[in-house]
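Have a look at the model first, then read on.

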Amino acid sequence: MRSLSDYSVNAEACAYCAKCHFGCPTYEATQDEGYSARGKVQVAGAVARYGPLQAALLRDSPKLQEYLDFCLRCYHCMDVCPAHIATVPIFEALRFQSVTECPPSAVLRFLMRKVLPNRRMTRFGSSAAALVSMLLSFASKRVRYSAPLKAALASLPRSQRPASLAQRLTAHKAFKKCNLTPCNAHARNVSIRAILSSQSVAQPSMGTIGYFLDCLTDIYFPQAFTGVVRYLNQNGYRVAINPDGGCCGASALNTGDEAAFMKMALAYAKTFADSPFQHILFSNPTCYKTVKERYPEILGDASNKLPEPVLDVEIFAKLPPPNLHPAWKNITVAWHNPCALGMALGDKTTGASILRKWGFNVTHVVVPEECCGYGGLFNLRYPQFASSLSEKKLRIWHDAGVDLVLSCSSGCITHLNETAACKGIPIPTLHWGELF
């Protein structure tokens with residue numbers, strides 16, 4: 001894995017332009033230099049410079065731990081830095097060193113090393129949560145819909161209604177935050193069986209493409225997988241999946257659990273080592289970036305033998321528009337561009353352009369390019385602050401007359417819906433895979 005020695009952490013490389021201050025949600029909220037990218041780079045430089053003392057510095061500095069934790073990793077600082085300092089990778093390397101001296105809690109280690117790598121365990125946990133939510137329905141809060149969206153959904157044939165909208169999005173207050181209700185086991189099994197059954201592929205055939213089923217979409221919006229496969233089938237692709245694959249490891253990167261990340265990377269390599277297809281599709285840009293950029297550190301040359309990762313945005317941009325029901329044209333939609341796509345991968349326009357090509361009325365109101373507050377596990381550690389960020393975006397969209405938000409990151413979608421439910425903002429967020 002990368003370490004601080006792999007980067008230039010000389011604080012003198014910083015131009016002191018303070019561009020990383022403006023647009024950084026955590027710095028703007030605290031006005032503390034330590035929460036800014038510039039401050040973290042200075043901390044990293046001190047840790048690297050003091051060699052033998054760095055272990056004690058990491059172990060005995062609770063404020064340093066707070067600086068590292070209270071960061072969304074939205075890549076805004078890296079996107080605007082004129083000196084091109086690798087800010088977020090440096091923060092991740094510093095976190096890995098920090099965790100060696102201050103290990104995460106036993107609960108977090110169990111979650112990262114036992115639960116997330118095992119898809120059956122994550123499904124069991126999410127199904128249990130769905131059952132509890134059903135029994136406590138009296139305490140739930142629903143995401144409200146605008147009148148135009150209700151009319152559009154009523155116009156759709158039952159078979160074409162997105163499952164998460166048709167079944168209503170609900171959230172419960174627990175663990176100091178709103179938590180969206182997971183999909184129940186039956187609906188998930190139906191979605192997976194639909195993909196594994198005989199696929200009706202249009203001719204001429206475009207060959208077979210693999211599809212990585214990311215864990216959050218699997219927990220909350222498995223119907224999105226079915227929709228994406230259906231769309232690809234209509235354009236000549238046959239899709240292969242591993243229904244029991246584990247997490248990509250992005251969560252382990254966020255918590256600094258190197259052992260868990262290595263376990264997930266090696267499991268992925270074992271699953272796809274002998275795949276007959278050349279590409280594997282990702283619907284979540286965070287998973288795509290993790291596999292494409294970080295797996296070679298673990299797998300070395302073996303990563304070259306794995307299918308090439310490709311993002312759904314890239315594929316969709318090349319395909320003809322799907323045959324969507326005309327009712328969708330009667331509402332105003334917004335595209336939420338995930339930080340991993342817009343800031344980390346530098347693609348800020350393709351998602352909205354695709355929706356316009358599909359015939360959607362996409363709002364031209366510009367929402368500030370900042371994180372919605374999901375930030376991996378950030379919204380679990382700091383729920384109130386994370387909720388304030390998503391509420392800000394949702395209220396801007398509401399004032400602009402937006403009826404529905406579309407996105408490709410299930411983490412962002414889940415967090416936005418949780419906020420919409422708790423704050424009573426009548427704007428649901430939908431995974432665009434559920435449109436097909």
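Is C178 buried or exposed? C178 is buried, because its relative accessibility is 8%, where buried stands for under 20% relative accessible area, exposed for over 50%, and partly exposed for what lies in between (1.4 Å probe, protein chains only). Please keep in mind that this is a predicted model, in which local features need pLDDT of at least 70, side-chain atom pairs count only at pLDDT 80 or more, and totals for chains, interfaces and linings use all residues. Residues are numbered from 1 along each chain as its sequence is written, and side-chain values use heavy atoms, with hydrogens and water left out.

**The disulfide**
- One disulfide (a pair of cysteine sulfur atoms within 2.5 Å) is present in the structure.
- C178 and C422 form this bond, with an S to S distance of 1.3 Å.
- The two cysteines sit in distant parts of the chain, 244 residues apart: C178 belongs to strand β3 (residues 177-180) and C422 to helix α22 (residues 410-423).
- Here helices (H or I, at least four residues) and strands (E, at least two) are DSSP runs, numbered from the N terminus.
- The disulfide is left-handed because the torsion about the S-S bond is about -60°.
- C422 has a relative accessible area of 24%, so it is partly exposed.

- C81 is buried, at 15% relative accessibility.
- For C248, the closest cysteine sulfur lies in C287 at 3.6 Å, also too far for a bond.
- C248 has a relative accessible area of 2% and is therefore buried.
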